[in-house]
Amino acid sequence: MTPSLHSTPLSRRSLLGAALAGAAGTAVVVAAGTEPAHAADAVTLAGDGYSLVASGMTVTLRGADGDARLLLGGYRFGAVKPAAGTAVLGSAPDGTPAVVVDYVTGVEGTSVRGTFTPRGRRLEVVFDMTAPAGTSMSSGTLRRQAVPTSVVETFSGVPRWTRDERGGVPFEADAVTVFEEAFEGDHVYLVLPGSNASWRDPWSMNLPGKELSPGVFRATADLLVSPPVDLGTARTLATGLPLGVTLSTDRPFNLWDSAASPLVVDGVVSNGGGAKTVTVRWTVRDWDGEVVAARRTVHTVAPGGTVDTSVSFTLPGRGIAFAELSADCGDDTAFARINVALLPPHSYTETWATSSIGLASDYLKDTEAERALIKRLGMRWGRHPQFTPEQLAALGMRQNRLRTPPSPTAFVDDPAGLAAYIEEEINTAERQQAAYYELANEWNMRGGVLSGQGGAEYVANWAAPFKARLRERGSKIKLMSVALAGMDHVYASRMFDAGLADHVDAFALHPGRGNFTPDFAPTPDQWTSGSEGSYWNFLGAVREARRMLDERAPHLELWLTEAYSSTLPNRWWKDTYRQSAEHALLTHLLALSEGVRQAQWFQFYDSRKANPTGVKPDDHEYHYGIVMRDHSPKPSLLGLAAAAEHLDGARFVRWLDLGDEDTKGLLFDTPRGPLTALWSRADGYVLNTEGRDGSFFPAPEPWEDVWKTKVPLTLPAAGQKVRQIDTIGRETTIPVRDGVAELVLDGSPRLYYGLQVEEVAFAVEVDARTVGGVAHLAVRATNEEATPVTVVVESPYGTRTIPQVAPGATVRATFEKRGRAVPNGSVTVTATRADDGREIRFSRTVRYVGR
């Protein structure tokens with residue numbers, strides 16, 4: 001017996017539904033661009049701007065012009081595939097008139113009833129089912145067909161912003177899938193909670209049902225007939241939410257490339273309920289927490305109405321801003337956030353042949369804007385074959401192919417099958433112009449990390465035969481080993497013992513990282529295991545890989561085919577948004593310092609390949625992107641850009657000894673001059689512990705600087721100023737006084753041009769006097785190096801260059817000028833020596849007293 005979940009129908013007419021297919025594999029009766037004929041006494045019901053016409057099992061949604069828009073043909077689950085039904089006029093539980101359809105299921109012990117209730121421009125669709133208790137409705141489908149079928153249907157996950165009552169940063173949650181049918185004139189929007197958008201075709205779409213009580217189920221969809229609106233507004237209006245807020249800009253990825261014009265964010269406040277007075281507030285903050293825009297307005301909003309609003313502001317140059325729009329009416333509230341950034345253009349000198357910056361995104365969306373951003377970020381290598389030859393040429397990129405075989409032991413007893421698999425993979429890789437073939441992903445986790453299970457078998461079963469076939473074919477493709485999850489030295493040792501070094505050209509590693517700074521570098525004997533153990537560290541893992549390669553296979557390249565920063569909100573084990581920028585920069589600095597050939601960033605977008613617009617606030621796999629789900633730039637995008645720009649053409653020189661174990665420094669040689677990276681670990685290497693509650697951590701806002709200890713540091717410097725570049729690439733200058741620059745360090749890495757962290761040993765003496773009405777300035781420089789130096793003397797009276805000053809030699813530069821006295825002043829002497837192909841310059845400024 002069907003439970004009485006809705007009001008009893010007012011009348012009953014039984015008609016056979018012929019509009020949609022009734023059984024699996026049956027062709028749809030309705031031809032493209034047509035609609036079914038309805039009986040003369042078909043059930044009709046009007047909505048606002050549309051009407052329903054029901055005949056048998058088919059409910060047709062017609063537009064205001066009377067033309068059919070959608071055919072709604074019931075609900076399917078499991079073996080239940082209704083082929084007929086009875087449509088009547090009835091009512092929803094609250095008494096609102098509705099079309100009610102009882103479907104013929106053909107399966108004993110089951111029933112399906114659909115209730116279609118117009119509520120203004122909304123259409124509420126509820127399917128009530130009975131079936132054996134525990135029946136799965138996760139793959140249930142709503143039968144629907146657009147008329148004509150050529151109408152374009154798009155979709156997206158649409159969440160709402162929320163806050164955890166314990167604090168932390170706000171985040172997106174409670175996502176539903178919203179589909180848009182782009183008809184001429186009014187569009188039709190379908191809100192399907194829990195829908196898997198990949199489970200749809202022109203006649204049906206996934207609509208999961210829920211079990212309300214044993215054997216009683218319900219699936220609900222909400223439709224909106226409206227002029228075109230954004231999908232967030234469609235959700236609010238379709239589902240009758242009291243308030244909704246959506247934000248957008250007119251720029252791809254919300255990126256501006258110039259400060260010449262204001263940055264503008266557009267907002268829509270929507271009212272899915274009754275008439276109300278709404279207070280609307282804008283707040284925009286920059287990276288330093290300064291409020292760069294704020295406004296409050298009050299609006300009277302009709303039922304189903306919207307308020308268009310916008311805010312404009314300026315940034316002085318490169319930077320990022322965080323905009324929030326809120327709407328409030330009594331206890332009803334809604335808000336949304338968006339990130340916008342200013343990222344000026346940049347031209348790179350380095351090509352794929354030497355660049356260490358790459359991309360490991362396993363899905364892209366193939367747009368011009370996307371490719372332009374990848375190029376702007378200096379990414380010169382892709383882990384996956386996602387680009388055409390023409391696109392690769394335009395991007396100046398190379399790409400690889402990653403493929404994980406069916407299993408470590410697949411084809412063990414089937415040599416012909418193995419040969420066919422390898423042959424097809426090489427053929428595919430060559431068609432895709434793959435430069436490297438990455439053979440399997442994270443197989444060391446199959447038996448548990450550090451167990452070593454499968455390491456030797458990997459070489460025998462896969463690496464050896466794959467490389468053998470590449471050699472036989474004379475293929476140019478290089479082979480890369482299975483990428484290890486963490487530096488599993490046990491698994492790696494098993495592979496090397498089995499001869500890995502003879503069969504691959506590169507060693508692949510994923511140095512996963514928990515709540516540690518990237519430069520946390522415990523040695524393997526200090527690692528703790530488990531999903532939250534110190535095994536998951538970056539620099540310690542990379543150094544262990546480097547040590548093992550230097551010892552056992554120095555000819556192999558080291559590739560990090562996944563380097564990342566997960567920003568799962570409010571989780572102690574993951575990065576905060578601010579940390580993500582710091583760690584993106586530091587990760588690439590450290591990678592280059594360890595001779596990594598490529599560090600490929602995982603990944604480009606938040607969400608996942610299988611759910612590219614989806615939201616899961618508790619799943620870290622949805623939070624690895626450098627852009628948010630809404631394509632807003634994360635701070636890590638700017639950190640990555642800073643790394644690419646300043647490591648362009650760079651060569652690592654050495655770590656710096658700055659006299660304090662907590663003060664860290666790296667020196668690089670670049671075409672722009674020596675580059676120094678400095679930071680402090682006075683606050684330690686372990687992050688996100690203060691206020692932690694289990695896995696929850698109340699993450700600070702991205703504009704909050706949480707490094708408590710500020711460390712002053714004075715270093716020699718040349719010229720009048722030192723250029724300082726912060727985590728997101730903003731440049732400031734620090735004055736040089738008496739040949740030194742006074743810096744302030746903390747846990748955030750900064751880059752510097754103009755520091756003299758490498759000395760050239762020489763002595764300077766200055767003699768200033770007036771003799772016979774002529775001012776004499778004599779400068780003596782002694783080379784204290786073991787190699788020749790070039791000396792340049794700069795004085796108020798001119799400049800002298802003295803090349804090839806021998807070790808221990810003293811040279812003299814004399815300047816004369818008529819005058820009664822030599823005024824007080826200074827001279828700057830710069831000595832330059834060669835070191836392993838580099839020129840090292842050191843300047844010393846000496847003040848003198850005139851007489």
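# Loops, helices and strands

Q: Does Asp738 count as buried or exposed?
A: Asp738 has a relative accessibility of 54%, where buried means under 20% relative accessible area, exposed over 50% and partly exposed in between, computed with a 1.4 Å probe on protein chains only. This is a predicted model, in which local features need pLDDT of at least 70 and side-chain atom pairs count only at pLDDT 80 or more, while totals for chains, interfaces and linings use all residues. Residues are numbered from 1 along each chain as its sequence is written, and side-chain values use heavy atoms, with hydrogens and water left out. At 54%, Asp738 therefore counts as exposed.

Q: What relative accessible area does Leu450 have?
A: Leu450 also has a positive phi, near 70°, in a residue other than glycine, and it is found in the loop between strand E29 (434–439) and H5. Leu450 is partly exposed because its relative accessible area is 29%.

Q: Which residue does a cis peptide bond join to Val147?
A: The residue in question lies in the loop between strand E10 (141–146) and strand E11 (153–162). The bond has an omega of about 0° and links Val147 to Pro148.

Q: How is H4 oriented relative to H5?
A: The axes of helix H4 (residues 415–431) and helix H5 (residues 455–473) come within 10 Å and cross at roughly 60°, the axes being lines fitted to C-alpha atoms, for helices over the stretch in contact, with angles from 0 to 180 degrees between N-to-C directions. Angles under 35 degrees count as roughly parallel, over 145 as roughly antiparallel, 65 to 115 as roughly perpendicular and the rest as oblique. H4 is therefore, relative to H5, oblique.

Q: Which residues of H5 make the contact?
A: Contact means heavy atoms within 4.5 Å, and on the H4 side it involves Leu418, Tyr421, Ile422, Glu423, Glu425, Ile426, Asn427 and Glu430. The H5 side consists of Asn461, Trp462, Pro465, Phe466, Arg469, Leu470 and Arg473.

Q: Which are the edge strands of the open sheet formed by three strands?
A: The sheet has the order E18-E20-E23 with antiparallel pairing, two strands being paired if DSSP finds at least two bridges between them. Five bridges join E18 to strand E20 (residues 263–270), and Leu247 has Gly267 as its bridge partner in E20. Helix H1 (residues 231–239) lies across E18, E20 and E23, running at about 15° to E20. The edge strands, each pairing on one side only, are E18 (244–248) and E23 (306–313).

Q: How many of the eleven residues of strand E25 are buried?
A: Strand E25 (residues 332–342) pairs in the antiparallel sense with strand E24 (residues 319–329) over eleven bridges, and in the parallel sense with strand E19 (residues 255–256) over two bridges. Glu324 has Arg337 as its bridge partner in E25, while Leu255 stands opposite Ala341. In the hairpin of E24 and E25, with two residues between the strands, Gly330 takes a positive phi near 60°. E25 is mostly covered, its buried residues numbering nine.

Key
Helix = DSSP H or I, 4+ residues; strand = E, 2+ residues; numbered from the N terminus.
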